[in-house]
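Please examine the structure shown below.

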Amino acid sequence: MGYILNEEQMETVNLAKDFANKSVKPIVAEYDREGKMPIDLYQQAAEMGLTALEIPEEFGGYGVDYYTILAAYEELAKVDGGFATGVAAAGLGLKPVLIAGTPEQKTYFASFLNGDREGLDSPETGYSGYAAFCLTEADAGSDAAAGKTTAVKKGDEYIINGSKCFITNAALASVYTVFALTDKSKGTKGISAFIVERDREGVSLGAEEDKMGIRLSNTATVNFDDVHVPADHLLGQEGKGFIYAMQTLDMARPSIAALACGTAQRALDEAVAYAKQRVTFGKPIIAHQAILFKLADMDIQVEVARSSVINYVNKYYDCKKKGNRNFSREAAICKCYAGDMSVQVCLDAIQILGGYGYSREYPVEKLLRDAKIYQIYEGTNEVQRMVIGGALAKSK
Ligand code: COS
C-alpha cells in the first residue's frame, strides 16, 4: 500500500475495511446478480460515519484528511465497486456545499449525512445518511453546461423544473445538490446551485438504470416539477453554479481513482492467488514467466495509479496552504490513469484465470464490469484528457 498513514488514520481505514469484508462481501454476488442496493448496509455505513468523514468537525462531521478517506474508499472498492460508489457519491453531493455554502448551510447539509436523523430520511429507504449530486441531464453529460433545468426566483423562493439523469444515490439520498439555470441567456454564467431536500413536493424518481456493473449502487433519474425551495437554499452566488460544479469534480475525481485502484488491486490479488495454485505443464502457472511478468506489470500499474492519487492529495493540500485551487490537472490525471488501468488490470486477471476468469463462478468478470464505469462517470476519460490538455495548452 502506497499510503503512509499513522495509527489514527489506519483506524478509520480499518473500520471501512473490516465492515466491507465482514458485512458487504458475503452478499455481493447475490446483490450483483439481482442489481439491488443493500439498503441496510448502506445505512450501517452511514451510522459508522463513513459518509460524514470529510465534513469538518465544526459542522458536525469527523474532519478526516483526504489521504485517509481515499485509502478507506479503496478498501471498500476492493470488496465492491458499487457499494463504494454509493458511499463516495455522498461526498460528491456534499462537496458543492463545502465549497460554496455558508456555515449554516454546511451544518444543515451535514445533518443529513450523519445517519438516521429523524425527519431527514429518504422516502424510498426510510433512512438518512446519503446525498446525491444532480448535474447530468439527458442532453448534458460531457457538455455539462448544456443542461435545461431551470430555477426561477419568485419572492423569497426559487421554483425548480427539469430532470436529471444517471444520478448515483437518487433513491438512497435524502438531500441533493442541484444545478439549474437562473438565467438562460448567460451560458455557463447562468447556472446556479441549490440544496434540495428529497421530500420536497414535486421531487420524484424516474427510471432506475439496469447497469452492466456497480450493480449494488443505485442510479436513477430525478424529476423536479415546480419544486419550491427557499432562497436561502441557493449555494454561494447566482451564476456561479458551473464553477462550483467544476470545483466539485476536481475534488471528487480522485475518489473515483481510489475506487479504480481498489477494484484493480482485488483483480490482481485474485490473479496471484489463482496463479499460485493452478498447475500447468507440471508447475504452478506463476512459475511460468509469461504469467509472472503479466502479474508484475499489473502490480506496477496499480501502484503507479495509487501514487497518482497520493500525488493529487499532496497537490491539494499544497494549494490549500497557498490559497488556490490549481489541482484540476492532478485530479484529471489520477482519474484518467486509474480508470484506464483498472479496466486493463481486470482484463489481464481474466486472461490469467482463462476460462474460469470468464465464468461467473469466479469474481473477476464482475470486477471488469465494475471497472468499466471508472472510464465513464464523473467525467469520461476523454473529458479528463480535455482538462489535462487544456492545462498543457495554457502552460507557459
Ligand atoms: N475550476 C474553476 N473554474 C472552472 C473549471 C474548474 N475546474 N473548469 C472550468 N471553469 C470555468 C472556466 O474558467 C470558465 O470560466 P470563464 O468563462 O470565466 O473563463 C467556465 O468555467 C467555463 O469553462 P469551459 O469553457 O472550459 O467549459 P466547457 O463548457 O467547455 O466545459 C468541461 C468544460 C468539458 C471540462 C466540463 O463541461 C466538464 O467537466 N464536463 C464533464 C462533466 C462531468 O464530469 N460530468 C459528470 C457528472 S458527475 S457523475
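Where is the place of Glu 378? Glu 378 lies in the loop between helix 11 (364-372) and helix 12 (381-394). This is a predicted model, in which local features need pLDDT of at least 70, side-chain atom pairs count only at pLDDT 80 or more, and totals for chains, interfaces and linings use all residues. Residues are numbered from 1 along each chain as its sequence is written, and side-chain values use heavy atoms, with hydrogens and water left out.

**Positive phi angles**

- Most residues other than glycine have a negative phi.
- Glu 378 is not a glycine, yet has a positive phi of about 55°.
- Glu 378 is buried, because its relative accessible area is 15% (buried means under 20%, exposed over 50%, partly exposed in between, with a 1.4 Å probe and protein chains only).
- Asp 226, also not a glycine, has a positive phi of about 50°.
- Asp 226 is located in strand 7 (residues 219-230) and counts as partly exposed, at 48% relative accessibility.

**Helix 4 and helix 5**

- The axes of helix 4 (residues 66-79) and helix 5 (residues 81-100) come within 6 Å and cross at roughly 150° (axes are lines fitted to C-alpha atoms, for helices over the stretch in contact, and angles run from 0 to 180 degrees between N-to-C directions).
- Helix 4 is therefore roughly antiparallel to helix 5 (angles over 145 degrees count as roughly antiparallel).
- In contact (heavy atoms within 4.5 Å), residues of helix 4 including Tyr 66 and Leu 76 meet residues of helix 5, among them Gly 81 and Lys 95.

Methods
Helices (H or I, at least four residues) and strands (E, at least two) are DSSP runs, numbered from the N terminus. Angles under 35 degrees count as roughly parallel, over 145 as roughly antiparallel, 65 to 115 as roughly perpendicular and the rest as oblique.
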